[in-house]
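Hello,

Here is the structure I promised to pass on to you. Please open it and keep it beside you while you read my notes below.

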Amino acid sequence: MARKLKPVVSKKPSGRSEYTVVCRDVKKEYSLGTQMVHALRGVSLEIKRGEYISIMGPSGSGKSTLFNMIGGLDHPSGGKVFIDEVDIAQLDPYELAWLRCRKIGYIFQTFNLIPVMTALENVTLPMIFAGLTPDDYLPKGAAVLKQVGLGDRLHHKPTELSGGQQQRVAIARSLANDPAIVLADEPTGNLDLKTGREIINLLRTLNKKKGVTIISATHDLKMIDVSDRIFWIRDGAIAKVEERGKMKISVGAIAE
């Protein structure tokens with residue numbers, strides 16, 4: 001039986017449970033030869049439950065590093081990351097694996113599907129890791145694939161699917177264990193313009209229907225349209241935070 005995670009009471013950020021992600025002064029430093037690289041320079045942010053957030057910035061700005069910190073895929077050099085009020089730095093490897101399996105879904109630019117498995121097998125794999133039985137995970141996997149428009153592709157392998165269909169399988173897999181957060185790393189990066197738009201709209205629809213918090217690290221300006229807030233990151237720091245409803249966008253430009 002999986003151990004139940006409890007909030008680290010003494011490490012709660014502020015007791016405001018409406019926030020599913022809180023970062024406090026997060027830093028990331030690493031050595032590159034004789035040089036010290038400051039990938040994150042004291043990032044602080046709060047993300048509410050059910051928000052659709054885009055983290056945007058140029059290559060090397062630190063957005064993927066921040067993404068990995070929130071997802072528990074890397075450890076900060078300083079500062080704190082809280083997921084549902086749990087200070088993830090306080091978790092042992094077992095607890096961290098449990099949190100990543102149950103609380104967070106991941107969508108990657110390169111899909112990361114297992115090529116020898118069918119769409120249904122790829123989607124149900126996280127459910128198996130979570131301890132579900134075939135009687136539970138098979139119908140649930142089929143239902144999630146139907147939600148993303150692939151109800152007739154359950155038994156197709158990745159090589160038998162288009163890029164957009166593969167990304168839909170990846171989205172379904174990210175929702176397998178009903179996570180609180182879905183992290184999407186450049187989810188439209190390997191897709192054409194039309195398919196990218198379809199994936200963006202699908203993510204927004206699932207965000208609204210399921211109430212899942214979506215955090216996307218992206219270069220794709222089309223993501224702005226569906227985001228509640230946009231975090232602009234440069235040189236390892238949050239340069240500004242904007243609400244979509246207050247932004248002025250004209251053809252080919254975003255007003256500063």
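Let me start with a pair of helices. In helix 5, Gly164, Gln167, Arg168 and Ile171 meet Thr195, Glu198, Ile199, Leu202, Leu203 and Leu206 of helix 6, where contact means heavy atoms within 4.5 Å. By class, the residues of this contact are five nonpolar, three polar and two charged. Here Ala, Val, Leu, Ile, Met, Phe, Trp, Tyr, Cys and Pro count as nonpolar, Asp, Glu, Lys and Arg as charged, and the others, Gly among them, as polar.

Before going on, a word on where this comes from. The model is predicted, so local features need pLDDT of at least 70 and side-chain atom pairs count only at pLDDT 80 or more, while totals for chains, interfaces and linings use all residues. Residues are numbered from 1 along each chain as its sequence is written, and side-chain values use heavy atoms, with hydrogens and water left out.

Back to the two helices. Helix 5 covers residues 163-174 and helix 6 covers residues 193-210; their axes come within 10 Å and cross at roughly 20 degrees. That angle makes helix 5 roughly parallel to helix 6. (Axes are lines fitted to C-alpha atoms, for helices over the stretch in contact, and angles run from 0 to 180 degrees between N-to-C directions.

Helix 3 (residues 119-129) and helix 4 (residues 134-147) pack at an angle of about 125 degrees, with their axes 9 Å apart. This makes helix 3 oblique to helix 4, and the crossing is right-handed. On the helix 3 side you will find Ala119, Leu120, Val123, Thr124, Met127 and Ile128, which meet Tyr137, Leu138, Lys140, Gly141, Ala142 and Leu145 in helix 4. This contact has nine nonpolar, two polar and one charged residues.

Methionine 127, in helix 3, deserves a click. Methionine 127 is buried, with a relative accessible area of 0%. (Buried means under 20% relative accessible area, exposed over 50%, and partly exposed in between, with a 1.4 Å probe and protein chains only.) Leaving aside neighbours within four places in sequence, methionine 127 is in contact with Leu132, Tyr137, Lys140, Gly141, Ala176 and Asn177. Its C-alpha lies 9.9 Å from that of aspartate 178, 51 residues apart in sequence.

Now for the chain as a whole. The chain has six helices and 12 strands; these are DSSP runs numbered from the N terminus, with helices (H or I) of at least four residues and strands (E) of at least two. Of its 256 residues, 48% count as buried. Among contacts between residues at least 6 apart in sequence, 71% join residues at least 24 apart.

How many aromatic pairs does a search of the whole structure find? The search finds one. The ring centres of tyrosine 106 and phenylalanine 108 are 6.1 Å apart and the planes are at 5 degrees, so the pair is stacked. (Rings of Phe, Tyr and Trp, the last by its six-membered ring, pair if their centres lie within 6.5 Å; planes under 30 degrees apart count as stacked, over 60 as edge-to-face and the rest as tilted.) Tyrosine 106 is buried at 13% relative accessibility, whereas phenylalanine 108 is partly exposed at 25%.

Most residues other than glycine have a negative phi. Glutamate 85, however, has a positive phi of about 70 degrees, and glutamate 186 has a phi near 50 degrees. Glutamate 85 is in the loop between strand 4 (78-83) and strand 5 (86-87), and is buried at 15% relative accessibility. Glutamate 186 is in the loop between strand 7 (181-185) and helix 6, and is buried at 10%.

Finally, visit lysine 27 in strand 1 (residues 19-32). Lysine 27 is partly exposed at 30% relative accessibility. Not counting residues up to four places away in sequence, lysine 27 touches Leu40, Arg41, Gly42, Pro76, Ser77 and Gly78.

Happy exploring!

Methods:
Parallel < 35°, antiparallel > 145°, perpendicular 65-115°, else oblique. Left-handed = near helix turned anticlockwise from the far one by under 90°.
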